[in-house]
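This report describes selected parts of one protein chain.

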Amino acid sequence: MRLPTRQIPSVLPGIRGTLRSGRPTRALIPRLKEGDIAVIDHVDLDRTTALAIAAKGVIAVVNAQPMVSGRYPNRGPQTLADAGIVLIDRIGEAGLEKLVDGRKARLLDGEVFDGEQLLTSGRALDQESLESDLENAKRGLSSHLDLFTHNSSELLKREEEVLLHGSGVPPLDTPLAGRPVVVVADHPDLDRFLGDLDGFLRERRPAIIAVGAAAKRLTKKQVRHAVLVLGPDPDTYPEPKVLTGAAEVVLAPGASASDSAAELLDRVGVQPKRFESALAPEDAALLVAYAQHPSLVIGAGLSTTLTDFLEDQRPGLAGTYLTRLALGPTLIDASAVPVVRRKESRGRRLVLPVLAVVTALAIGVPAGIWAADHDLTAIGAGLGAGDGAEASTTSGESGPGTGKDPQPTAESRFVEEAGAALLPGKLTGRKVAVLTFPGADRKTVEALTTNIKTAGGATTGVLDVRPNLLDPDRRQYVDSLATQLVKQLGRGDAEQATYQRMGQVIGETYAGKTPPAEFDQPAKTAAVALLTGDLVKAQGRPTGPADLVLVVLGEDSQDTTAVEGLTEGLGATTKGLVVTAPTDSEDLEKLRANDWPGWFASVDGIETLSGQVAAPLALARQTSQQGGDFGASGFGGLLKR
């Protein structure tokens with residue numbers, strides 16, 4: 001008898017994924033997932049759309065239209081190709097209908113299969129054919145420019161009063177005269193643009209105007225101080241809490257076409273100012289800023305090059321071009337700011353910030369608010385440093401009572417003298433627990449603890465948070481231990497999230513709102529569990545519970561969930577909490593963006609003498625008047641963020 005042989009299935013060549021189809025392309029992008037095949041109907045794919053598609057992690061893009069029609073050299077296809085995404089175009093309307101959304105498919109040499117069944121075919125775009133298409137498209141550029149110029153001329157006739165004389169631009173209640181303004185528009189590269197502006201935003205504290213969906217990229221504090229400019233499409237609006245949190249809202253265009261948008265805003269309790277113009281919201285935002293006579297307008301996420309203008313498929317493109325002409329030299333792009341800042345002398349920016357942070361704390365005024373009114377720069381630059389290297393003041397040698405600066409400057413001498421005068425007696429009778437995060441500078445911690453003692457306080461010990469506590473792979477262990485310890489301590493809220501609970505455990509163990517003179521048995525048990533679990537490490541033997549906690553942040557986290565949770569838990573269980581960090585700490589910026597009550601106070605720039613003096617003063621302030629973000633960066637700024 002012949003035994004049946006086992007059939008080994010053949011593996012068909014090509015790449016496989018799930019088809020995701022939809023029109024228009026902007027409506028499809030939110031539905032795309034990693035490993036999908038995007039099916040679009042988009043002639044002359046632009047770079048902005050391509051970046052958004054690539055960010056979703058698709059493996060291929062199939063286009064019913066030509067990727068490059070020849071009208072102008074659009075950059076979208078090259079952007080996708082550079083990301084390693086397979087490209088097929090010109091499958092036509094009939095082919096598009098066969099590529100049903102959600103269907104599994106296989107791509108090979110410009111053909112689309114379902115298993116072995118051919119669904120449709122188009123042109124496979126490789127690097128050679130793409131370069132050829134783009135080269136040919138350059139020849140069609142002149143005719144496209146002719147049309148662009150004609151449209152600009154016609155628009156200027158219709159919008160002359162707005163563009164040339166500012167007629168119809170609503171005045172703002174937010175003061176912008178003489179201040180720098182940043183206009184932020186939604187863009188796939190917006191995080192990079194904001195990164196370019198990071199130092200400028202902290203130092204100059206410009207006014208912010210956010211356009212449409214860009215408001216979603218701002219923190220709660222930033223939106224609270226921002227002006228929002230919205231178009232007629234409610235689908236681009238941020239959520240209601242962002243709308244109600246803005247400084248003010250401008251609806252542009254404010255004609256009858258946007259009545260439904262006005263009704264939506266009215267329902268959430270927002271009364272917008274209307275800008276009666278046919279210009280796009282991005283252009284209206286620039287004119288709103290310009291009409292208030294700012295010192296400078298910086299565009300983040302706006303079109304800046306000729307190719308940007310030609311690629312932008314929205315109506316009113318000519319208005320974008322003319323608006324930029326109207327602003328003239330007042331408008332610059334975000335990418336130019338770092339270049340300008342690098343050439344600016346830093347020497348003139350040193351004395352005032354140092355004086356501001358110490359003086360403001362001495363009289364009980366949050367330096368972030370003081371600095372916002374006086375346009376102060378960040379204190380984090382090394383004292384006395386010129387262009388290039390920054391002078392380090394992070395060592396314990398630089399604080400009051402810890403030795404002299406090896407190269408004393410007028411600024412460092414002032415801070416030492418001010419610290420020596422201001423600190424004594426500020427923390428008399430207070431016990432402070434110091435909690436450091438991974439990457440915290442040891443010499444900075446030594447300087448801070450020395451200054452706490454100079455202020456009359458006592459440190460009950462320095463506790464180091466171990467990387468294991470912040471490791472996402474150890475979260476289940478942390479969760480189980482936190483639950484168990486909350487029960488053993490008999491204090492804390494077991495319903496809180498993992499890191500909030502663990503923050504409560506640490507706070508109740510080493511501090512507390514009504515700390516006893518010595519550790520009780522539940523606290524001793526919790527301390528042993530934390531130490532043996534390698535979640536924390538004590539430098540020496542803690543002397544007992546504290547009533548104030550000083551947190552020293554170190555290296556920035558990729559995910560701040562653990563840092564935020566631990567901070568919130570600590571704040572809920574201590575009499576006073578101050579979180580400190582070096583200048584430019586992204587973790588601190590994210591902590592400051594939370595709407596926490598007065599138990600949260602912060603100080604930036606602790607690598608400097610002024611920051612090391614400010615920290616114990618902020619601790620002292622927490623005993624009577626809670627809250628406040630201190631340091632010239634304390635206002636919060638715009639971020640990555």
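## Basis and overall composition

Helices here are DSSP runs of H or I with at least four residues, strands are runs of E with at least two, and both are numbered from the N terminus. The model is predicted.

The protein chain contains 27 helices and 22 strands. It has 641 residues, of which 52% count as buried. Of the contacts between residues at least 6 apart in sequence, 71% join residues at least 24 apart.

Eight strands form an open sheet with mixed pairing, in the order 7-6-5-1-2-3-4-8. Strand 7 (117-121) and strand 8 (123-125) are the edge strands, and each of them pairs on one side only. From one strand to the next, the twist averages 30°.

Several of the pairings can be followed residue by residue. Strand 1 (residues 15-21) pairs with strand 5 (residues 104-108) in the antiparallel sense, over four bridges, and here Gly-17 stands opposite Ala-105. Strand 5 also pairs with strand 6 (residues 111-114), again antiparallel, over three bridges; in this pair Arg-106 faces Phe-113 across the strands. Strands 5 and 6 make a hairpin with two residues between the strands, and Asp-109 in that hairpin has a positive phi near 50°. Strand 4 (residues 86-89) runs antiparallel to strand 8 and is joined to it by three bridges. In that pairing, Leu-87 is opposite Leu-125.

## Helix 22

Helix 22 (residues 475-489) has 15 residues, which at 1.5 Å a residue should span 21 Å, and the end C-alpha atoms are in agreement with this because they lie 21 Å apart. Its buried residues are Val-478, Leu-481, Ala-482, Leu-485, Val-486 and Leu-489. Viewed down the axis of helix 22, these buried residues fall within an arc of 135°, so they line one face of the helix.

Gln-476 and Lys-487 are exposed on the other side of helix 22. The cover over the buried residues of helix 22 includes helix 21 (467-470), helix 23 (498-510) and helix 24 (521-532). After helix 22 comes Gly-490, with a positive phi near 75°.

## Helix 24

Helix 24 has 12 residues and reaches 17 Å between its first and last C-alpha atoms, close to the 16 Å expected at 1.5 Å a residue. Buried in helix 24 are Ala-523, Ala-526, Ala-527, Ala-529 and Leu-530. They are on the same side of helix 24, because they cover an arc of only 165° around the axis. Packed against the buried residues of helix 24 are helix 22, helix 23 and strand 18 (536-539).

The face turned away from the buried side of helix 24 carries Gln-521 and Thr-532, which are exposed. At the start of helix 24, a side-chain oxygen of Asp-520 comes within 2.9 Å of the backbone nitrogen of Ala-523. Just after helix 24, Asp-534 has a positive phi of about 55°.

## Val-432

Val-432 belongs to strand 16 (residues 431-436). With a relative accessible area of 0%, Val-432 is buried, because the cut-off for burial is under 20%.

Leaving aside residues up to four places away in sequence, Val-432 touches Ile-452, Ala-458, Thr-459, Thr-460, Gly-461, Ala-546, Leu-548, Leu-550 and Leu-619. The C-alpha atom of Val-432 is 5.5 Å from that of Val-549, although the two residues are 117 residues apart along the chain.

## Thr-560

Thr-560 sits in the loop between strand 19 (548-552) and helix 25 (561-573). The relative accessibility of Thr-560 is 7%, so it counts as buried under the 20% cut-off.

Conventions
Residues are numbered from 1 along each chain as its sequence is written. This is a predicted model: local features need pLDDT of at least 70, side-chain atom pairs count only at pLDDT 80 or more; totals for chains, interfaces and linings use all residues. Side-chain values use heavy atoms; hydrogens and water are left out. Buried means under 20% relative accessible area, exposed over 50%, partly exposed in between (1.4 Å probe, protein chains only). Contact means heavy atoms within 4.5 Å. Two strands pair if DSSP finds at least two bridges between them. Axes are lines fitted to C-alpha atoms, for helices over the stretch in contact, and angles run from 0 to 180 degrees between N-to-C directions. The expected span of a helix is 1.5 Å times one less than its number of residues. The arc is that of the directions from the helix axis to the C-beta atoms. A polar contact is a pair of N or O atoms within 3.5 Å; within protein, one must be able to donate a hydrogen and the other to accept it, and residues adjacent in sequence count only if both atoms are side-chain atoms.
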